[in-house]
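These are my notebook entries on one structure.

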Amino acid sequence: MSNVDLIQLTEQTKKLTAMVVEDEKVTNELLSSTFKNFFADVDSCFDGETALKIYEEKKPDVVFVDIIMSGMDGIELARKIREINPSQIIIVISASNDMEKISESIEVGVNSFIQKPIDTKKIIELLNNVVSMIAKKKKVETKTFSISLPLDLYETVNDNAKAESISKNAVIIRALRSFYE
């Protein structure tokens, strides 16, 4: 990966927030400090219960979670987060080779599973995948947005769309862009 690609990747990830849930102090600090180079904000938790509270409060874009933790494990945390937000991006980072745990995390619907130890190449690949997942999610969300307009505005939008042979959405998007520029 070239420096230009890394700069573009960082420009994308710096718009996002993340949460690291890892019970091993050294690993937690290492992951958190690494991800702080890429994300706008990174919250760090050492257990599932605390992570769930912080998740409900902050709603990060990406959750990185270890599977094996005392108390609420990573799979249970992922399950509870899925109940709150079914489309949450959850990435398991674990040293576990336990196929039962791995398959259970897949059943819960985690987006990705990364084996520890993590090297720089894996992190960059992972972040590229995260950016792609979020871009897909946002693309789907914008295709399905709906807006209610007062009747007089609707007629203006409709007339402009007909006059220019473009969709009403295109007229609205153009108006919103010019408003926010």
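I looked up the exposed side of helix α3 and found K53 and E57 there; exposed means over 50% relative accessible area, buried under 20%, and partly exposed in between (1.4 Å probe, protein chains only). Helices (H or I, at least four residues) and strands (E, at least two) are DSSP runs, numbered from the N terminus. The model is predicted: local features need pLDDT of at least 70, side-chain atom pairs count only at pLDDT 80 or more, and totals for chains, interfaces and linings use all residues. Residues are numbered from 1 along each chain as its sequence is written, and side-chain values use heavy atoms, with hydrogens and water left out.

I then listed the buried residues of α3 (residues 48–58): G48, A51, L52 and Y55. They lie on the same side of α3, because their arc around the axis (taken from the directions from the helix axis to the C-beta atoms) is only 100°.

Next I searched the whole structure for salt bridges (a side-chain nitrogen of Lys or Arg within 4 Å of a carboxyl oxygen of Asp or Glu) and noted six. K58 pairs with D43, with the closest N and O atoms 3.1 Å apart. K58 is in helix α3 and D43 in strand β2, so this pair ties together parts 15 residues apart in sequence. K58 is partly exposed, at 42% relative accessible area, whereas D43 counts as buried at 14%.

Which residues are linked with K116 in a network of salt bridges? I found E22 and D66. K116 meets E22 at 2.6 Å, N to O, and D66 at 3.7 Å.
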